[in-house]
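Subject: Structure handover

Dear colleague,

Here is the structure I said I would pass on. My notes on it follow below.

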Amino acid sequence: MSPVSHGTSESRGEDRRLLRFEPHLPHAYETIWPALTTPDGLRGWLAEADVLERHLGGAVTLRGPGGGPALSGQITAWDVERVVEYTLSGLGRIRFHLEPVGTDSTVIRFSHEYTPDRPGSAGGRAVDADHLAGWHRSFELLESALEGHPAAPPARTDPRLDALRASYTPPAAAA
C-alpha cells in the first residue's frame, strides 16, 4: 500500500473551509469509480449509502460508522468515471475528480468544502485537524478496499486516526 500524502486546508471567506487531498493510487480509474459511486463500493471504506441515485441531481443519503447520523443531499456533479460530487447537509460538498495516469494508476483530486460547526483556532486549523485526519484515514481504507480488503470506516477511537489527528494538529503557540 502506498502512503497517502497529507492533505491541506485553506479558508474560503470568514466561515468556510476547503480541504484538499490528491492520493495517487495504483489502480485504473475504472476500478476506483465504483468504490466512489456505488453502495457496495462506499460501504467498503467510507459510509453506508441508504440512498444513492447515480446521476446529476440524484438523491444521496450516507450514514457513518456504527449507525451514525444520516446525511442527506444530492449529487451536484456527475461525469461518468471522472467526477462525482456529493453535497450533504451537515457535511458540505465533497468532490472526487479522477485523473488517469497511464493505464493502471489514478490521481484523485479530492476537495471537501464545509462550514465548521465550532469556532477553530489558528485560522481554523484546529477544527480542520479532525476532518483532515478522517479523510486521510478514509483514503487509506479506500486503497485497502481496492486491494481486496474492505473495512468499516474507523471509529473515533481508532489508534491510527488518533495518530493522524496529532500529525494535523498545529503546535501550541509559545507564550
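A residue is called buried here when its relative accessible area is under 20%, exposed when over 50%, and partly exposed in between. By that cut-off Phe 139 counts as buried, because its relative accessibility is 1%. Please keep in mind throughout that this is a predicted model.

Overall make-up

The protein chain contains four helices and nine strands. Read from the N terminus, the order of elements is β-β-β-α-α-β-β-β-β-β-β-α-α. Of the 175 residues in the chain, 43% are buried. The accessible surface is about 8800 Å², and carbon and sulfur atoms account for 53% of that surface. Taking contacts between residues at least 6 apart in sequence, 49% join residues at least 24 apart.

The aromatic residues

How many aromatic pairs does a search of the whole structure find? The search gives 11. One of them is Trp 45 with Phe 139, a stacked pair with 6.1 Å centre to centre and 25 degrees between the planes. Trp 45 sits in the loop between helix 2 (39-43) and strand 4 (48-52), and Phe 139 belongs to helix 3 (residues 125-146), so this pair ties together parts that are 94 residues apart in sequence. Trp 45 has a relative accessibility of 0% and therefore counts as buried.

Phe 139 also pairs with Phe 96, this time edge-to-face, at 6.5 Å centre to centre and 75 degrees between the planes. Here too the pair links distant parts of the chain: Phe 96 is in strand 8 (residues 92-100), Phe 139 is in helix 3, and 43 residues separate them. Both Phe 96 and Phe 139 are buried. Ring pairs join Phe 21, Trp 45, Phe 96, Phe 110, Trp 135 and Phe 139 into a cluster.

Strand 4 and strand 5 are paired antiparallel over four bridges. Glu 48 is opposite Arg 63 of strand 5. The hairpin of strand 4 and strand 5 has six residues between the strands, and Gly 57 in that hairpin has a positive phi near 85 degrees.

Strand 5 (residues 59-63) is in turn antiparallel to strand 6 (residues 70-79), with five bridges between the two. Leu 62 faces Leu 71 of strand 6. In this hairpin there are six residues between the strands, and Gly 66 takes a positive phi near 65 degrees.

Strand 6 continues the pattern with strand 7 (residues 83-88): the two run antiparallel and are joined by six bridges. Asp 79 has Val 83 in strand 7 as its bridge partner. Three residues lie between the strands of this hairpin, and Glu 81 in the turn has a positive phi of about 65 degrees.

Glu 81 deserves a separate remark. Most residues other than glycine have a negative phi. Glu 81, with phi near 65 degrees, has a positive value without being glycine.

Thr 106

Thr 106 is located in strand 9 (residues 106-114). With a relative accessibility of 0%, Thr 106 counts as buried. A polar atom of the Thr 106 side chain lies 2.7 Å from the backbone oxygen of His 27. Leaving aside residues up to four places away in sequence, Thr 106 touches Pro 23, His 24, Leu 25, His 27, Ala 28, Tyr 29, Ile 32, Leu 98, Glu 99, Pro 100 and Val 101.

Helix 4

Which residues of helix 4 (residues 159-168) are buried? They are Leu 161, Leu 164, Arg 165 and Tyr 168. Viewed down the axis of helix 4, the buried residues fall within an arc of 105 degrees, so they line one face of the helix. On the face turned away from the buried side, helix 4 carries the exposed residues Pro 159 and Ala 166.

Regards

Definitions and conventions:
Residues numbered from 1 in each chain as written. Predicted model: local features only at pLDDT ≥ 70, side-chain atom pairs only at ≥ 80, totals over all residues. Heavy atoms only, no water. Pairing = 2+ DSSP bridges. Phe/Tyr/Trp six-rings, centres within 6.5 Å; stacked < 30°, edge-to-face > 60°. Buried < 20%, exposed > 50% of the residue type's maximum accessible area, 1.4 Å probe, protein only. Arc of directions from axis to C-beta. Contact = heavy atoms within 4.5 Å. Areas by Shrake-Rupley, 256 points an atom, 1.4 Å probe, with all protein chains shown as cover. Polar contact = N/O pair within 3.5 Å; in protein donor to acceptor, adjacent residues only side chain to side chain.
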